[in-house]
Amino acid sequence: MTEMIRRSAAAQAAALAAGEASSEELTGAHLDRITAVDGDLNAFLHVNSDEALTVARDVDSRRAAGEKLHPLAGVPIAVKDIVVTEGQPTTAGSKMLEGWIPPYDATLVTKLRTAGLPMLGKTNMDEFAMGSSTESSAYGPTRNPWDRDRIPGGSGGGSAAAVGAYEAPLAIGTDTGGSIRQPGAVTGTVGVKPTYGSVSRYGLIAMASSLDQAGPVTRTVEDSAMLHELIAGHDRHDSTSLTDPVGAFTQAARAKDVTGLRVGVIEELEGEGFAPEVRARFTESLTQLERAGAEIVRVSCPNFTYALGAYYLIMPSEASSNLAKFDGMRFGLRVVPEDHPTAENVMKATRGAGFGDEVKRRILLGTYALSAGYYDAYYGSAQKVRTLVQRDFTTAFEQVDVLASPTAPTVAFRLGEQVDDPTAMYMNDIATIPANLAGVPGISLPSGLAEDGLPAGIQFLAPARADERLYQVGGALEALLEDSWGGPLLAQAPELTGGAHS
Amino acid sequence: MTATDIDLVDYDEAIARFDPVLGIEVHVELGTATKMFDGAPNIFAAEPNTAITPTSLGLPGSLPVVNGAAVEYAIRIGLALNCSIAETCRFARKQYFYPDLTKNFQTSQYDEPIAYEGWVDVELEDGEIIRVEIERAHMEEDAGKNTHVGGATGRIHGATHSQVDYNRAGVPLVEIVTKPIPNTKGRAPEVAAAYVRTLRDIFRTLEVSEAKMERGNVRADINVSLRENAQAELGTRTETKNVNSFRSIERTVRFEISRQAGMLDAGQKIIQETRHFHEDTGGTSSGRPKSDAEDYRYFPEPDLVPVAPSREWVEEIRAGLPELPAARRRRLLGEWGFSDLEMRDVVNADALDLIEATVAAGAGAQSARKWWMGELARIAKDREVDIAALAITPAQVAELQGLVDGSKINDKIAKQVLTKVLDGKGDPAAIVESEGLAVVSDDSVLTGAVDQAIADNPDVVAKIQGGKVQAIGALIGPIMKATRGQADAGRVREIIMEKLGVS
């Protein structure tokens, strides 16, 4: 079983289907792995062994009875703690929701349960998904499996680390400005931000409603495709969910053919600010694709320069509003001040005690940006930039099939390195943010080892509703690179032991 | 000097020297099956916190979805108020912190209302028609309901704690905002009440709401300002919130005109603020200051896609609109032959539907009016209930009138039967039958009674035979008494005249 957990989710699913292992054994092996390494990594905020094993045994008996099961049935999964799960704690990495047990499931969780995926537990994250390092979690940072003194990216560092450390073969992440893709890049794993509306947002604790999107966190492109197919689809509980039929992502991932595919290199996202070795791995990846028959084209997206600025007005504006409900009145933390505990004072005390610094910073930013007299200058201007970014994508996709850039400017930095420098922290998402502003899909997969022998990622972006293209190019590049590496990049990660980090 | 101890100016004097301008915001709760943005039932008076979903409670992760029926109702209202219907419009978040507001923002419409630029004609007591310009009608959600426990009379002041019922949270509302209503002069109070009544009647006709004022289905915020004359710029306004009866609306406007005139006379500025009306004193008191620049940090609701009603759909809704109250009144006036005054009384008594149904059940229009506006209105008043709440149906009233028309009973007996119907004894014909109340026109019975009366009253008989035919009435009285009022008075008269040989 210790060997089995290193396989891809697709391979684990095949083993279950072939009767080589039971879901109970597989789930148990992952739970053992969590016990062995998570004290050190802190990828999980909550582990639900009993429920996971119950689901696993149920799948096993249904399989034994000859029932037709979902291809991923019995393969365990970890879920980012921003996704509400009935009966399991959901904190969004905040003290504000400590102890809260949601009375309902997110739509994507319902889909996981229906398909019979045992949920191992809930993964760590930056508080309310605000951060690029998982250091703003109220429950301590998650550590990078490649180097436990480094950050695993954020906000979904827990999901990426769990998958990278073989604690789970699959995980769910959410991506508002790069929270799936950037952790994927710095942990040597795969992450996909689907087209906005592809996966229901019902049951995702909202940070920025117009930007948030849930997606798969896995070790292989094919695994992401399978998981994406499972969680996608129209949901009548989410007005912004697409009504399109779900694409044939898995088929696209398995095609491994890029002949004639036009890949656009975004000029604005490969030069200044990107580490030399990160850029080198990116260029080598493009060379691999070119050799395999793809056409590499340089394209310009001039307004991407303003994307980060626009994002840091739109995201906090929406977040300031979405987080208003955390007031101690109906759920979660309630702090009652001794002196004059009116509703207003309870709200103040609760929000003062329950939110961390980064959350407060963004609430302040957003509240200011939406204020009368400032709205047009800030929120209004940012929306105009957003339109310009969308136009850049439209123009670019008239010339190419997919766009490419390094996922993040650097490899994983050290814990604490950027904590006191919010703007430096925000720069981590410079390449990932434009996709969220435009609602287009993006994938990050490993491009190789860069500075300090740590993984770097390459990102592909496709037009809205053309997520298949990501799986097509991602699956092909992954195969080419793994050939050159002689196996998955993660195989080069140092062996984790239960020992303490330095 | 505070606002509360200002000298009120006599109303007529205030009107003589100032020109009042009104502005009215009416909220109507829509009677859709479910709430504005989620599938929770839209019901009144269920157990607290039972008509809820994660979305009505604003739980983390929950999302709104627009209720299509509510949009249709809003369009109906917009069309009935002669508004343009937006080709596309968005919801916006109106942000403020309050415990009854689950998300600490209200999902409403801000700069893109579903309906805008309309008008409605309002008919006053004397038949004068005032056209009120409508600025907009927009969709939004209601908040929950706070109950303050432990203080005096349910107020928050002095309460030990408060309870919140979120059953009402998310109930669909349409808010209708007028443009400033000028030139009402001394009739401002009447115009304000008549406008809200007009809307109330339209909501009922459109079947978009039960529109019960006493339940808060319809709530009015009344803005009043004064200016020197009709050419001057608008004065500073006050907004008296949630005035919930027609009478209170009139009193609010009247009081504010007197109060503001007093302020202005004393050289004080009117403070732009919300105010509260007090039923007991008939006055208003200061609420919170309100400026036009109050910062709700509105921004477009990112969880909802724009609402874009197709032109075909709007036209379909327009084609399906029922006859509106004003047109219906005009039509019925012609059909029934009522005087203008009779018609206004009927409308003001909320008896139009009842009379129409009674006529539809076979009664003559004037007979139906007499029952509902006479005996039944009196009984309703005695019992302090709405006329429509009386335990009698229009069909029963028509049946009763049919008995009178067919000379089965007379008017006096009819009133007795009416009381018995109200007491739940059954339908009129059955009551007349079972209690033997039908008019007695059987000669064998009547002749005996006539003979007895003639024998008992020789002096009256002498008068009649002496040519004073009108003295017959003195014989009929005892006969009616003997037959418990059921004798056919006409036939009795004939028999007497036959017996006494007069004609």
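How many residues lie between β10(A) and β11(A) in their hairpin, and which residue in the turn has a positive phi? I looked this up in a model that is predicted.

**Entry 1: the hairpin in chain A**

I found 5 residues between β10(A) and β11(A), and the turn residue with a positive phi is A:Asp452, at about 60°. β10(A) covers residues 442-449, and β11(A) covers residues 455-461. The two strands pair in the antiparallel sense, over 7 bridges.

I then checked for another partner of β10(A). Strand β5 of chain A, residues 190-193, pairs with β10(A) over 3 bridges, again in the antiparallel sense. I used A:Ser444 as a reference point. A:Ser444 of β10(A) stands opposite A:Gly191, and in β11(A) its bridge partner is A:Gln459. I noted the burial of β10(A) as well: 7 of its 8 residues are buried, and I log the strand as mostly covered.

**Entry 2: chain A as a whole**

I counted 16 helices and 11 strands in chain A. Its radius of gyration is 21 Å, close to the 23 Å that the globule rule gives for 502 residues, so I log chain A as being as compact as a globular protein of that length. The C-alpha trace spans about 65 × 55 × 50 Å along the principal axes of chain A. Of the 502 residues in chain A, 62% are buried. I also took the contacts between residues at least 6 apart in sequence; in chain A, 77% of these join residues at least 24 apart.

Is A:Val37 buried or exposed? I find A:Val37 buried, because 22 other C-beta atoms lie within 10 Å and the cut-off for burial is 20 or more. A:Val37 sits in helix α2 of chain A, residues 23-41.

For A:Tyr375 I get 17 C-beta neighbours inside 10 Å, so A:Tyr375 counts as partly exposed. A:Tyr375 is in the loop between α12 (357-369) and α13 (376-399) of chain A. Leaving aside neighbours within four places in sequence, I list A:Leu370 and A:Gly380 as its contacts. The C-alpha atoms of A:Tyr375 and A:Asp38 are separated by 45 Å, and the two residues are 337 residues apart along the chain.

**Entry 3: nonpolar cores**

Nonpolar side chains tend to be buried together in soluble globular proteins. I looked for such groups here. The largest nonpolar core has 223 residues. Those with the most contacts inside this core include A:Ile77, A:Val83 and A:Ala171, and also B:Ala74, B:Ile114, B:Ala137 and B:Ala192. The largest share of the core, 10 residues, comes from α3(B).

I followed up A:Ile77. Not counting residues up to four places away in sequence, A:Ile77 touches A:Leu112, A:Leu117, A:Met119, A:Leu120, A:Ala168, A:Leu170, A:Ala171 and A:Ile172. A second, separate core has 24 residues, among them B:Val346, B:Leu376, B:Leu403 and B:Val417.

**Entry 4: chain B and its domains**

Chain B has 16 helices and 14 strands. The C-alpha trace of chain B spans about 95 × 55 × 50 Å along its principal axes. Of its 503 residues, 40% count as buried. For contacts in chain B with a separation of 6 or more, residues 24 or more positions apart account for 69%.

Chain B is divided into domain 1 (3-317), domain 2 (323-426) and domain 3 (443-500). The C-alpha centres of domain 1 and domain 2 of chain B lie 34 Å apart. Their contact takes 8 residues from domain 1 and 5 residues from domain 2. On the domain 1 side, β5 (115-123) and α3 (188-206) of chain B each supply at least two residues, and α3(B) gives the largest share, 3 residues. I sorted the domain 1 side by class: 2 nonpolar, 2 polar and 4 charged residues.

**Entry 5: between the chains**

I find 26 residues of chain B in contact with 34 residues of chain A. The chain B side of this contact has 15 nonpolar, 6 polar and 5 charged residues.

Note on methods. Residues are numbered from 1 along each chain as its sequence is written. Chains are lettered from A and ligands numbered from 1 in the order in which they are written. This is a predicted model: local features need pLDDT of at least 70, side-chain atom pairs count only at pLDDT 80 or more; totals for chains, interfaces and linings use all residues. Two residues are in contact if their C-beta atoms, placed from the backbone, lie within 7 Å. Ala, Val, Leu, Ile, Met, Phe, Trp, Tyr, Cys and Pro count as nonpolar, Asp, Glu, Lys and Arg as charged, and the others, Gly among them, as polar. Domain bounds come from an automatic or database domain assignment. Helices (H or I, at least four residues) and strands (E, at least two) are DSSP runs, numbered from the N terminus. A residue is buried if 20 or more other C-beta atoms lie within 10 Å of its own, exposed if 12 or fewer, and partly exposed in between; C-beta atoms are placed from the backbone. A nonpolar core is a set of buried Ala, Val, Leu, Ile, Met, Phe, Trp, Tyr and Cys residues joined through C-beta atoms within 7 Å. The radius of gyration is taken over C-alpha atoms; the globule rule is 2.2 Å times the number of residues to the power 0.38. Two strands pair if DSSP finds at least two bridges between them.
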